[in-house]
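This briefing covers strand pairing, a helix pair and the nonpolar cores of the structure shown here.

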Amino acid sequence: ALRKLFERLGATYIKLGQFVASSPSLFPKEYVVEFQKCLDSTEPVEWNVVKSVIEAELGPISKNFASVDKTPLASASIAQVHAATLKSGEEVVLKIQKPRIDELLKADLNFIYIASRVLEFLQPDFERTSLSAVAGDVKSSMLDELDFKKEATNIEEFRAFLVEQGLDYSVTAPRVYDSLTTKRVLTMERLRGVSMVDAESISTITNDPETLIITALNTWTSSVMNMPWFHADVHSGNLLVLEDGRVGFIDFGMVGRVGEKTFKAVNELSTSLALGDYEGMAQALCNMGATDDAVDVKKFARDIEEVMTGMMSVQPDELAVGVDSDGSVQASISFDEEEVTGMLLKIVAVTEDNGLRLPREFGLLVKQSLYFDRYLKILAPGLDVASDARMIAAQSAANEESGGKVEVIV
């Protein structure tokens with residue numbers, strides 16, 4: 001009932017619901033599971049309204065575009081996306097912010113933050129749960145999504161990272177058209193491809209899907225290690241296999257930032273995972289989390305081993321593949337959200353049962369890793385991530401003692 005109410009209340013509360021769903025280390029399991037169903041799909045704004053936003057930001061449409069499709073490709077709570085063609089003939093997509101959505105979100109978020117501070121004052125128990133800190137995180141995260149120039153910067157930084165790492169021949173992100181991008185309109189190259197879970201369509205693009213998913217995972221892992229932020233929403237709609245065989249990352253509105261303490265602990269965790277060292281994993285999580293009491297590391301390790309063994313036994317359900325109205329192939333898979341969230345909640349439950357509370361960025365990191373685990377089971381079911389020399393995780397484990405350099409192998 002609460003989730004449906006949030007959907008009816010509009011943009012702020014839909015985004016708030018999605019924040020809850022992406023933060024299992026902060027919110028109770030029941031809320032995370034329910035808000036996972038919170039749909040960020042809304043009725044599109046009429047074309048004449050969208051046109052007025054575009055022209056207010058960029059000038060007359062005829063000045064820059066040969067055409068803009070009046071029917072949106074997608075419509076979400078704060079923006080909608082339209083296909084367009086530039087005067088030069090290049091195909092692009094326009095992400096257009098809905099009118100006055102910034103004023104609405106700022107007013108609602110300020111109210112939520114002030115209310116959280118009042119509650120902490122009236123009921124001191126709430127202060128111990130860092131209620132206002134959570135409200136502050138919600139406010140900061142959601143307001144960042146309102147500035148499309150920030151998303152454009154994220155995309156450009158990721159593209160620069162790909163060039164620096166020598167990955168741009170096998171991985172890409174949309175080119176941003178800076179002169180046609182503002183806080184409220186983002187103009188990007190249109191990437192055409194299929195979802196990472198659509199094994200049948202991928203087989204028509206490449207005869208080596210295993211190398212493809214290894215490339216995608218190594219790229220994301222390397223970005224976590226080498227960039228100040230990471231893509232925090234690599235669900236199957238945002239990770240594409242392009243028609244030319246490259247991997248395409250799209251939608252950089254949600255990114256995570258890892259503090260030094262968490263980053264060090266994540267490296268320790270990754271190495272221990274690759275080595276199958278559950279006690280090392282337990283110690284890494286202890287180094288990352290907040291706790292008031294001593295943790296029984298050996299018991300924690302046994303609990304982690306039980307969870308990991310259960311995760312390894314999960315197999316993907318059957319794909320549902322169809323053809324969209326524009327002729328593109330669309331695919332869905334039942335575990336893409338629900339099973340990933342379920343596994344993440346098991347990890348969070350084990351840490352909390354052992355007296356730890358993990359930071360939100362860890363939950364975001366693990367959720368992306370679980371998405372990749374699902375993709376590996378579809379495209380490379382026989383791959384041993386821990387020992388395959390092509391994997392960054394395996395290289396990290398092999399180089400732990402020698403202090404050797406870890407490189408991305410694609």
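Strand β2 (residues 74–75) pairs with β3 in the antiparallel sense over 2 bridges, where two strands pair if DSSP finds at least two bridges between them. The model is predicted: local features need pLDDT of at least 70, side-chain atom pairs count only at pLDDT 80 or more, and totals for chains, interfaces and linings use all residues. Residues are numbered from 1 along each chain as its sequence is written, and side-chain values use heavy atoms, with hydrogens and water left out. Helices (H or I, at least four residues) and strands (E, at least two) are DSSP runs, numbered from the N terminus.

**Strands around β3**

- Between β2 and β3, which form a hairpin, lie 3 residues, and A74 stands opposite V81 in β3.
- Strand β1 (residues 65–68) runs antiparallel to β3 and is joined to it by 3 bridges; the bridge partner of F65 in β3 is L86.
- With strand β4 (residues 91–97), β3 pairs in the antiparallel sense over 7 bridges, and T85 has E91 as its bridge partner in β4.
- The hairpin of β3 and β4 has 4 residues between the strands, and G89 there takes a positive phi near 95°.
- Strand β3 (residues 79–86) is mostly covered, with 6 of its 8 residues buried (under 20% relative accessible area, exposed being over 50% and partly exposed in between, with a 1.4 Å probe and protein chains only).

**Helices α12 and α13**

- The axes of helix α12 (residues 260–275) and helix α13 (residues 278–288) come within 8 Å and cross at roughly 170°; axes are lines fitted to C-alpha atoms, for helices over the stretch in contact, and angles run from 0 to 180 degrees between N-to-C directions.
- The two helices α12 and α13 are therefore roughly antiparallel to each other, a term for angles over 145 degrees.
- Residues making the contact (heavy atoms within 4.5 Å) include A265, L269 and L273 of α12 and M281, A284 and L285 of α13.

**Nonpolar cores**

- A nonpolar core is a set of buried Ala, Val, Leu, Ile, Met, Phe, Trp, Tyr and Cys residues joined through side-chain atoms within 4.5 Å.
- The largest nonpolar core has 73 residues, of which F158, M196, I213, F249 and F372 touch the most other members.
- Helix α16 (residues 360–379) gives the most to this core, with 11 residues.
- A second, separate core of 16 residues includes W47, V92, Y177 and V185.
- Leaving aside neighbours within four places in sequence, F158 is in contact with residues including A173, W229, F249 and F252.

Notes. Parallel < 35°, antiparallel > 145°, perpendicular 65-115°, else oblique.
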